[in-house]
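Biologist: Could you walk me through this one, and tell me what stands behind each label? I would like to see every value set against its definition.

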Amino acid sequence: AYESYRQRIGSLLLSSKADPLRAFQDTVAVTMAQNHPRRQPFSEETLQQMDLQESFRIYRDRFADTDDFSYFIVGAFDPDTIRPLIERYLSSLPATSREETWRDVGVRPPQGQIEKQVFRGLEPRSQVYISYTGDAEWTNRGRRVLGVLDNVLSIRLREVLREDLGGTYGVRVNSQLQRRPNEAFEFNISFGCDPERVEELTNRVYSVIDSLRSEGTSTTNLEKTRETWTASHQVGLEQNGSWLSWLQYYEQNDLDFSEIPVGLIEFLDSVTLDEIREAANKYLDDSNRVRIVLYPEEWEAESGG
């Protein structure tokens, strides 16, 4: 089974060599981690370093002590019925009472403004990745405000780049405010387009961001976010998977479980346009900005590369 797995991975590595998007994604990963060993693309060299016995040794070590494990059981069940099963199957797991904690391995994004180009493939197609990073205090409200900023910018960029300019099929915006290993944020924007329109569309992205920082978002787009998030939250309250994710997140970040059903709705009722504008100035600052663009191979000669 192990050898079969290695062969499948090897075949995937061979086929991925010809994929321009894979080369682009690898460049993004390496750049955003400053070439850190923990963020290197999986390669043939990595495949050769795989060792079944070493993997098994690590597995056995990690599960030799379940003292500090957290278990979440979500579903339609009677607590009295499930309690004997928990006592039988969980309380009997091995425990050695060793003390462990997470470790900061030092992965950090680059500083300053960085521009990179990747020239791969024959199709006249480009991919643009723009990222803003920096230090920021972690709070649950701050995380949610960042999420609203993410959403309203996504709405506006879709209106401008796709509907007004017809320059792309879609724009992807995602962000995170992390608590560990250090309090920091990352805000990413990506879209595909014709190579001829990369600069035009990138400049329009920057223009929309400048407007968001100076004028803020519209009441309409904030209300769209409220409606979308409220509807999604109401659906999530009926789904086991949502509860499982919420419980895990709240436990990992020392938050009050009782806030789960009502906390987001209370936040949406109280978030203001001024908060979103302030967040745009905080998280979309040009000080640390990376742009990476995928171009067809023929463009490398034209660019002087």
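Modeller: Gladly! Let's begin with Pro181, which sits in the loop between strand E3 (171-178) and strand E4 (184-193). Strands here are DSSP runs of E with at least two residues, helices are runs of H or I with at least four, and both are numbered from the N terminus. This is a predicted model, in which local features need pLDDT of at least 70 and side-chain atom pairs count only at pLDDT 80 or more, while totals for chains, interfaces and linings use all residues. Residues are numbered from 1 along each chain as its sequence is written, and side-chain values use heavy atoms, with hydrogens and water left out.

Biologist: What makes the peptide bond from Arg180 to Pro181 cis?

Modeller: Its omega is near 5 degrees, and the bond is cis. Most peptide bonds are trans, and most residues other than glycine have a negative phi.

Biologist: Which value is given for phi of Ser97, and which for phi of Asp254?

Modeller: Phi of Ser97 is near 65 degrees, positive although the residue is not glycine. For Asp254, again a residue other than glycine, phi is positive too, near 55 degrees. Ser97 belongs to the loop between H5 and strand E1 (113-119), and Asp254 to the loop between helix H9 (240-252) and H10.

Biologist: Why does Ser97 count as exposed?

Modeller: Relative accessible area decides: under 20% is buried, over 50% is exposed, and in between is partly exposed (1.4 Å probe, protein chains only). Ser97 has 55%, so it counts as exposed. Asp254, at 61%, is exposed as well.

Biologist: And what makes Thr217 buried?

Modeller: Its relative accessible area is 14%, so Thr217 is buried. Thr217 lies in the loop between helix H7 (198-215) and helix H8 (219-236). Leaving out residues up to four places away in sequence, Thr217 touches Val152, Leu212, Leu273 and Ile276; a contact means heavy atoms within 4.5 Å. Over the chain of 305 residues, 35% are buried.

Biologist: How do you know that Ala64 is partly exposed?

Modeller: At 30% relative accessibility, Ala64 falls in the middle class, so partly exposed is the label. Ala64 is in the loop between H4 and helix H5 (79-89). Beyond residues up to four places away in sequence, Ala64 touches Pro94, Ala95 and Thr96.

Biologist: How many aromatic pairs does a search of the whole structure find?

Modeller: The search finds 9. Phe56 and Tyr59 have ring centres 6.4 Å apart and planes at 15 degrees, so that pair is stacked. The definition asks for rings of Phe, Tyr or Trp (its six-membered ring) with centres within 6.5 Å; planes under 30 degrees apart are stacked, over 60 edge-to-face, and the rest tilted. Phe56 and Tyr59 both belong to helix H4 (residues 52-62), 3 residues apart, about one turn of the helix. With 42% relative accessibility, Phe56 is partly exposed.

Biologist: What makes the pair of Tyr59 and Phe63 tilted?

Modeller: Their centres are 4.9 Å apart and their planes at 40 degrees, so the pair is tilted. Phe63, at 44% relative accessibility, is partly exposed. Phe56, Tyr59, Phe63, Phe69 and Tyr71 form one aromatic cluster.

Biologist: How do you know that Arg289 lies over the face of Tyr206?

Modeller: Arg289 is 4.0 Å from the ring centre of Tyr206. The definition wants NZ of Lys or CZ of Arg within 6 Å of the ring centre and within 35 degrees of the ring normal.

Biologist: Where do helix H6 and helix H10 meet, and at what angle do they cross?

Modeller: The axes of H6 (residues 140-164) and H10 (residues 263-270) come within 11 Å and cross at roughly 65 degrees. Those axes are lines fitted to C-alpha atoms over the stretch in contact, with angles from 0 to 180 degrees between N-to-C directions. On the H6 side are Arg141, Arg144, Val145 and Val148, which meet Gly263, Leu264, Phe267 and Ser270 of H10. By class, that contact has 4 nonpolar, 2 polar and 2 charged residues. Nonpolar covers Ala, Val, Leu, Ile, Met, Phe, Trp, Tyr, Cys and Pro, charged covers Asp, Glu, Lys and Arg, and the others, Gly among them, are polar.

Biologist: And how many helices and strands does the chain have?

Modeller: The chain has 12 helices and 5 strands.
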